[in-house]
Amino acid sequence: MSVEIPGAREAVIRTIAMPSDTNPAGDIFGGWLMAQMDLAAGNAAARRARGRCVTVAVDGMVFHTPVHVGDEVSVYADLISTGRTSMRFQVEAWRRSRDGDEQIKVTEAVFTFVAIDSGSRPRPLPPG
């Protein structure tokens, strides 16, 4: 699945897949990619909640195409819903080879976060 990302959309995280991110077969490890997605969504959640948040669920992780060593990986996180203490983000990871311009969607999932207080208890989201 290849689609050009709209110019107005800004990646939350942009990184390069390195040899240390590979599994024993030499492919980029899916867990590394999921961690990048969690970092991006967690950053977006903390900004929306204006404070600490925790990941409570990841739904519908689907891998469409592999990431190769040297690929630039861009992760996008869009807020899709909020509850009293929770937020759900549609998170997508896209890759671009180091010698090309085409961006290809690698994977997507919905990440759910809960805002927490200093005692690690759920707290209400601030307005807005």
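1. R50 is a reasonable place to start: this residue is exposed, at a relative accessible area of 59%. Exposed here is over 50% relative accessible area, buried is under 20%, and partly exposed is in between, with a 1.4 Å probe and protein chains only. R50 sits in the loop between α1 and β2. Its phi is positive, about 55°, although R50 is not a glycine.

2. On the basis of the note: this is a predicted model, in which local features need pLDDT of at least 70 and side-chain atom pairs count only at pLDDT 80 or more, while totals for chains, interfaces and linings use all residues. Residues are numbered from 1 along each chain as its sequence is written, and side-chain values use heavy atoms, with hydrogens and water left out.

3. Helix α1 covers residues 30-49, and its end C-alpha atoms are 28 Å apart; this agrees with the 28 Å that 20 residues should span at 1.5 Å a residue. The expected span is 1.5 Å times one less than the number of residues. Helices (H or I, at least four residues) and strands (E, at least two) are DSSP runs, numbered from the N terminus.

4. Which residues of α1 are buried? They are W32, L33, Q36, M37, A40, A41, A44, A45, R48 and A49. An α-helix has 3.6 residues a turn, so residues three or four places apart point the same way. The cover over the buried residues of α1 includes the strands β1 (13-16), β2 (53-63), β3 (72-82), β4 (86-96) and β5 (103-115). Contact is taken as heavy atoms within 4.5 Å.

5. A search of the whole structure finds one aromatic pair. F89 and F113 form this pair, edge-to-face, with 6.2 Å from centre to centre and 80° between the planes. F89 belongs to strand β4 and F113 to strand β5, so the pair ties together parts that are 24 residues apart in sequence. Both F89 and F113 are buried. For such a pair, the ring centres of Phe, Tyr and Trp (its six-membered ring) lie within 6.5 Å; planes under 30 degrees apart are stacked, over 60 edge-to-face, and the rest tilted.

6. How many salt bridges does a search of the whole structure find? There are six, each defined as a side-chain nitrogen of Lys or Arg within 4 Å of a carboxyl oxygen of Asp or Glu. One of them joins the side chains of E92 and K105, at 3.4 Å from N to O. E92 is in strand β4 and K105 in strand β5, so this pair ties together parts that are 13 residues apart in sequence. E92 counts as buried at 11% relative accessibility, and K105 is buried at 8%.

7. K105 also meets the side chain of E108 in a salt bridge, at 3.5 Å from N to O.

8. The side chains of D117 and R121 form a salt bridge at 3.6 Å, N to O. D117 is partly exposed, with a relative accessible area of 23%. S120 is found in the segment after β5. S120 is not a glycine, yet its phi is positive at about 65°. With 45% relative accessibility, S120 counts as partly exposed.
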